[in-house]
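Student: I have just opened this one and have not looked at it before. Could you walk me through it?

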Amino acid sequence: MIRVQNLTKYYGERLAVDDISFNVAKGEIVGLLGPNGAGKTTTMRILTGFLMPTSGDAWVADCNMATNSLEGRRHIGYLPEAIPLYTDVTVRSYLDFAGRLRGLDKYRIEDRIDDVVELCHLEEYIDVLIGKLSRGFRQRVGVAQAIIHEPEVMILDEPTLGIDPIQVAQTRQLIKDLGEEHTILISSHILPEVSMVCDRVVIIHEGQIVAEDRIENLSTVLKGSQNIQLEVQGPTSAVTRKLQRVRGVSRVRYEKPYHIVECPADQDLRSNLMAAIVQGGWTILSMGAVDMSLEDIFLQLTSEEFADDEELEE
Ligand SMILES: Nc1ncnc2c1ncn2[C@@H]1O[C@H](COP(=O)(O)OP(=O)(O)O)[C@@H](O)[C@H]1O
Ligand SMILES: [Mg+2]
């Protein structure tokens, strides 16, 4: 349904997307995950025909988006990063406008407004001015306008960015519901988000794909491991080896003055680590949990060690 082939985009001298290729099959929900500046929005704007690639191709529903974007857009519901919503119209008249823009006739629009309002749970707000809605509800209006013309493919650019936690949960549920009838590409810079809603994830960093797999195969990384940070008085490499041998530990690295021990998220290994240090005859000066940042994860994914692990599993 979506095919990206050797896609490259320069903004002037700046390389934003660097020779990426991936596919999204019909019915899949795929997450495009990466930190700010990774190239997610650029990729999505090319996929929706709003931006020309420097080289390579982007296809949606068999339309090349560089040469046939008008036809292609008929198949796409696009929720841009910042939705340009009018604030002084009601939800109904905005959706009516969106429908006419897509060339639907009057009766079709009425039917479709009923459908999308129900799907996006906007029934109570249909005659409310968009300007009076919270960000989370505006986001739902954004989704509703994106699907008014019944596209098969949805491209959602960070749909939960900047909305409050309760509405984030509702938006995720909405995306899952949409996934039953649509092929979806959704971007995010938040790990748990993609693991909650997506079947598969493409991880992009500095314009390049660094990993691509089904969620369950990336489980140790995506479902979250946790890092425990230890400050130990003792010989660095002997301490590293000792910690490495504690059952459950995935890996240990040293970042002066800390040993960072990576463990599965569902196991609390702190007392075992403590015991190992004591057994070695050393002293613990401090110990604490640190969250794995996206950067840690990208570091892992781009390190050779991880690449080797992946090969072994295949
Ligand atoms: N219109 C633009 N002109 C110049 N550089 C841009 C433009 N849009 C994005 N970039 C740069 O391209 C890179 C990728 O940006 P973007 O696709 O927005 O990433 P993401 O959506 O993953 O945060 C960034 O380094 C960004 O600064
Ligand atoms: Mg972006």
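Tutor: Let us begin with a term we will need: a residue counts as buried if 20 or more other C-beta atoms lie within 10 Å of its own. Please also keep in mind that this is a predicted model.

Student: Okay, is Leu95 buried or exposed, then?

Tutor: Leu95 is buried, because 24 other C-beta atoms lie within 10 Å. Leu95 has its place in helix 3.

Student: And what is Leu95 in contact with, leaving aside its neighbours in sequence?

Tutor: Setting aside neighbours within four places in sequence, Leu95 is in contact with Ile113, Val116, Ala144, Gln145 and Ile148. As for Ala146, its C-alpha is 9.3 Å from that of Leu95 in space, although the two are 51 residues apart in sequence.

Student: Which residues of helix 5 are buried?

Tutor: Nine of the twelve residues in helix 5 are buried, and among them are Phe137, Val141, Val143, Ala144 and Ala146. These buried residues pack against strand 6, helix 3, helix 4, strand 7 and helix 6.

Student: How far apart are the end C-alpha atoms of helix 5, and what span should it have?

Tutor: The end C-alpha atoms of helix 5, which covers residues 135–146, are 16 Å apart, and this agrees with the span of 16 Å that twelve residues should have at 1.5 Å a residue.

Student: Now the core. Which residues have the most contacts inside the largest nonpolar core?

Tutor: They are Ala144 and Ile155, in a core of 59 residues. Helix 5 gives the largest share of this core, with five residues. There is also a second, separate core of eleven residues, including Ile228 and Ile277.

Student: What does Ile155 touch?

Tutor: Not counting residues up to four places away in sequence, Ile155 touches Met44, Leu47, Thr48, Ile76, Tyr78 and Leu185.

Student: Switching to the strands: what is the order of the strands in the open sheet?

Tutor: The order is 2-1-4-5, with antiparallel pairing throughout those four strands. Strand 2 and strand 5 are the edge strands, each pairing on one side only. Further in, strand 1 and strand 4 are joined by five bridges, and in strand 4 the bridge partner of Gln5 is Asp57.

Student: Where does helix 1 lie?

Tutor: Helix 1, residues 40–47, lies across strand 1, strand 2 and strand 4, and it runs at about 120 degrees to strand 1. Helix 1 also gives three residues to the shell around ligand 1, which is the largest share.

Student: Which residues surround ligand 1?

Tutor: The residues around ligand 1 include Tyr11, Arg14, Ala16, Gly34, Asn36, Lys40, Thr41 and Thr42. Strand 2 and helix 1 are the elements that give two or more residues to this shell.

Student: Last topic, strand 9. How many of its residues are buried?

Tutor: Six of the six residues in strand 9, 200–205, are buried. Both of its faces are covered, with Arg200, Val202 and Ile204 on one side and Val201, Ile203 and His205 on the other.

Student: Which way do strand 3 and strand 10 run relative to strand 9?

Tutor: Strand 3 runs parallel to strand 9, with four bridges joining them, and the partner of Val30 is Arg200. Strand 10 runs antiparallel to strand 9, with six bridges, and there Val201 stands opposite Asp213. In the hairpin of strand 9 and strand 10, which has two residues between the strands, Glu206 takes a positive phi near 50 degrees.

Technical notes:
Residues numbered from 1 in each chain as written. Chains lettered and ligands numbered in written order. Predicted model: local features only at pLDDT ≥ 70, side-chain atom pairs only at ≥ 80, totals over all residues. Pairing = 2+ DSSP bridges. Expected span 1.5 Å × (residues − 1). Contact = placed C-beta atoms within 7 Å. Axes fitted to C-alpha atoms, helices over the stretch in contact; angles between N-to-C directions. Core = buried A, V, L, I, M, F, W, Y, C linked by C-beta atoms within 7 Å. Near = placed C-beta within 6 Å.
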